Amino acid sequence: MLGVNMTNTANEVECAYCGAVLPDGHTSPCPQCGKKGRKISVSVAEEINVAEKVTWEKRREFYEKHPLAWATVIAITIGAPFLGLFLAGWAGVIAGLALGGIAYWIGPIAVTKVREIERGG
Ligand SMILES: [Zn+2]
């Protein structure tokens, strides 16, 4: 909503020579420069109020852990090097790759970034 809230009309009397602001209705010489000359400027000040609808937004971000998937990822991460220790050679490499693949797929399930946005007004 856009609306003109207030309109101020002010007559500003200034000295024509030095620009000093003089009191309204001032007729005697300027107290600053001693010259007699007035300049009246009418300024119209409009205050525009942008009455925005007050809105609020609440954001909450957290990581949701899925215990079982999370435990599996940890077990694979810790267990994989040991498995490679027991399964020497290509068997260990294949087993390691297989476990890495499993961890890769379970990973996103284990930790999910949850974003909750609430809006109101
Ligand atoms: Zn003056």
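**The zinc site**

Mentor: The 4 donor atoms around the zinc ion subtend angles of 106 to 117°, so the arrangement is tetrahedral. For four donors, that term needs all angles between 85 and 135 degrees. One caution: this is a predicted model, where local features need pLDDT of at least 70, side-chain atom pairs count only at pLDDT 80 or more, and totals for chains, interfaces and linings use all residues. Residues are numbered from 1 along each chain as its sequence is written, and side-chain values use heavy atoms, leaving out hydrogens and water.

Trainee: Which protein donors hold the zinc ion?
Mentor: C15, C18, C30 and C33, each through SG, at 2.2 to 2.4 Å. A donor is an N, O or S atom within 2.8 Å of the metal (3.2 Å for Na, K and Ca); water is not among the atoms, so sites may look incomplete.

Trainee: What spacing do the donors follow along the chain?
Mentor: C-x2-C-x11-C-x2-C. Within that set, C18 and C30 link distant parts of the chain, 12 residues apart. C18 sits in the loop between β1 (2–15) and β2 (21–22), and C30 in the loop between β2 and β3 (38–50). Strands are DSSP runs of E, at least two residues; helices are runs of H or I, at least four; both are numbered from the N terminus.

Trainee: Is C30 buried or exposed?
Mentor: C30 is buried, because its relative accessibility is 4%. C18 is partly exposed at 38%. Buried means under 20% relative accessible area, exposed over 50%, partly exposed in between (1.4 Å probe, protein chains only).

Trainee: New topic. How many salt bridges turn up in the whole structure?
Mentor: The search finds 1. The side chains of K39 and E14 meet there, at 3.6 Å, N to O. K39 is in strand β3 and E14 in strand β1, 25 residues apart. A salt bridge means a side-chain nitrogen of Lys or Arg within 4 Å of a carboxyl oxygen of Asp or Glu.

Trainee: And K39, how accessible is that?
Mentor: K39 is partly exposed, at 42% relative accessibility. E14 is buried, at 15%.

Trainee: Where is Y17 found?
Mentor: Y17 is in the loop between β1 and β2. Y17 is exposed, with a relative accessible area of 51%.

Trainee: What does Y17 touch?
Mentor: C33, K35, K36 and G37, not counting residues up to four places away in sequence. Contact means heavy atoms within 4.5 Å. Y17 and K39 are 22 residues apart in sequence, and 8.8 Å apart in space, C-alpha to C-alpha.

Methods
Tetrahedral: all angles 85-135°; square planar, octahedral: opposite > 155°, others 65-115°.
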